[in-house]
Amino acid sequence: MARVYNFSAGPAVLPVEVLEEAAAEMLDYRGCGMSVMEMSHRSKTFQTILDEAEADIRDLIGIPDNYKVLFLQGGASQQFAMIPMNLMKNHVADYIVTGQWAKKAWQEASKYGTANKIASSEDQTFSYIPDCSDLPISENADYVYICENNTIYGTKFKTLPNTKGKPLVADVSSCFLSEPVDITKYALMYGGVQKNIGPAGVVIVIIREDLITDDVFPGTPTMLKYKTHADAGSLYNTPPAYGIYICGKVFKWLKRQGGLEAIQKINQEKAAILYDFLDESTLFKGTVRRQDRSLMNVPFVTGSDELDAKFVKEAKEHGLENLKGHRSVGGMRASIYNAMPIEGVRCLVEFMKKFEMENGSHV
């Protein structure tokens with residue numbers, strides 16, 4: 001069977017080159033006689049895989065020496081608790097709630113101290129990013145938290161909030177490595193890799209070293225201390241070894257594309273193809289305020305639940321998979337991460353045009 005165009009929000013499409021490389025090495029990784037999946041995480045071979053992965057992500061982003069890169073487990077959702085456990089020294093933090101994941105992070109942080117919701121876009125179903133140029137930042141806040149790209153709702157911070165000197169913590173799960181970033185503007189950046197970088201099971205945390213201390217929330221489990229993992233080089237316990245191996249291959253693939261500047265241009269071109277059509281369409285409508293649109297996740301609707309369902313069904317028959325919107329919002333969503341080829345977006349738009357011609361009069 002031919003490969004489909006997979007628009008899933010995560011686990012999501014991976015570069016074909018990476019999958020082919022991994023397939024070729026599945027039974028015998030570079031002459032060692034075993035798969036990476038079977039390999040001791042204490043072996044020199046795996047240490048090299050881990051070291052190369054860290055060096056490559058440092059190179060891609062431009063991560064300075066005073067930041068640690070941690071390859072952890074538990075997904076992005078575990079970070080909702082780990083962040084306040086480790087960083088909430090004054091037991092106060094400010095949260096900007098622009099979607100379901102930021103809301104869950106805010107709710108989790110409330111268990112460990114005062115989590116102030118200082119801005120939100122919930123009043124319009126998270127369809128925009130609020131003005132964050134002059135927020136009521138708490139004087140004793142330990143950090144300000146954002147979810148930079150909102151997978152479900154398709155919004156993206158184009159300008160980082162003015163934190164008035166407070167450390168910025170960002171969940172970048174669905175925009176990770178999709179464009180250049182100035183990591184020095186963040187105290188901590190993290191993301192689950194299953195959207196843009198690798199298979200589910202790995203979360204990457206990039207954290208400034210001064211935030212890694214033993215001064216954590218009383219009762220914090222050993223495994224939930226950043227210091228535990230930083231001191232052990234992400235090898236305190238058995239890491240998600242095969243996932244890290246695939247992430248490393250994706251980092252090398254990104255470098256072959258020309259790095260984050262080059263991939264950003266490709267992502268902008270892909271998104272423009274879809275957004276330009278949505279802006280002209282008489283049947284389909286984007287749901288996000290134009291200036292806040294994500295390059296990675298594009299939600300859209302017809303205005304009819306019946307037609308939406310028909311579209312998703314017929315798209316699947318045309319090899320366009322996983323276009324159903326998140327259960328909390330309905331409609332459709334095309335996730336067009338780094339590994340989605342431009343041909344996939346073009347095929348989607350051609351199918352949408354055909355569907356509009358055949359069904360436009362039904363709305």
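Which helix holds Ala-76? Ala-76 sits in helix H3, which covers residues 75-87. The model described here is predicted.

## Overall architecture

The chain contains nine helices and 14 strands. Its C-alpha trace spans about 65 × 60 × 30 Å along the principal axes. A compact globule of 363 residues would have a radius of gyration near 21 Å, and the chain agrees because its own value is 21 Å.

Of the 363 residues, 55% are buried. Among contacts with a separation of 6 or more, 69% join residues 24 or more positions apart.

## Surface and charge

The chain carries 39 positive and 45 negative charges.

## Annotated binding-site positions

An unreviewed UniProt entry places the feature "binding site" at Ala-76, Ser-77, Trp-101, Thr-151, Asp-171, Gln-194, Asn-237 and Thr-238. These positions span 163 residues in sequence, and their farthest two C-alpha atoms are 30.4 Å apart, so they do not all gather at one spot.

Two of the annotated positions, Ala-76 and Gln-194, are described next.

Ala-76 has a relative accessible area of 14%. The cut-off for buried is under 20%, so Ala-76 counts as buried. Beyond residues up to four places away in sequence, Ala-76 touches Asp-171, Ser-173, Tyr-190, Gly-192 and Val-203. One of these partners, Asp-171, is also in the UniProt list.

Gln-194 lies in the loop between strand E9 (188-192) and strand E10 (203-208). Its relative accessibility is 21%, so Gln-194 counts as partly exposed. Setting aside neighbours within four places in sequence, Gln-194 contacts Gly-10, Pro-11, Ala-12, Pro-199, Ala-200 and Val-202.

## Backbone exceptions

Most residues other than glycine have a negative phi, and most peptide bonds are trans. A few sites in this chain depart from that pattern.

Two of the Gln-194 partners, Gly-10 and Pro-11, are joined by a cis peptide bond with omega near -5 degrees. Pro-11 is in the loop between strand E1 (5-6) and helix H1 (16-24).

Thr-125 is not a glycine, yet its phi is positive, at about 50 degrees. Thr-125 occupies the loop between strand E4 (114-120) and strand E5 (144-147). Leu-177, also not a glycine, has a positive phi of about 60 degrees. Leu-177 falls in the loop between strand E8 (168-171) and E9.

Are these two residues buried or exposed? Thr-125 is exposed, with 55% relative accessible area. Leu-177 is buried, with 3%.

## Ile-63

Ile-63 belongs to the loop between helix H2 (44-61) and strand E2 (67-72). Its relative accessibility is 8%, so Ile-63 counts as buried.

Which residues does Ile-63 touch, not counting those up to four places away in sequence? The partners are Ile-57, Arg-58, Val-69, Ile-183 and Ile-206. Of these, Ile-57 and Arg-58 fall within the range of helix H2. Val-69 falls within the range of strand E2. Ile-206 falls within the range of strand E10. Gln-100 is 37 residues from Ile-63 along the chain, and their C-alpha atoms are separated by 29 Å.

Notes
Residues are numbered from 1 along each chain as its sequence is written. This is a predicted model: local features need pLDDT of at least 70, side-chain atom pairs count only at pLDDT 80 or more; totals for chains, interfaces and linings use all residues. Side-chain values use heavy atoms; hydrogens and water are left out. Helices (H or I, at least four residues) and strands (E, at least two) are DSSP runs, numbered from the N terminus. The radius of gyration is taken over C-alpha atoms; the globule rule is 2.2 Å times the number of residues to the power 0.38. Buried means under 20% relative accessible area, exposed over 50%, partly exposed in between (1.4 Å probe, protein chains only). Contact means heavy atoms within 4.5 Å. Lys and Arg count as positive and Asp and Glu as negative; His and the chain ends are not counted. The place of a charge is taken as NZ of Lys, CZ of Arg, CG of Asp or CD of Glu. UniProt positions are given in the numbering used here, feature names are shortened, and annotations may be inferred rather than shown by experiment.
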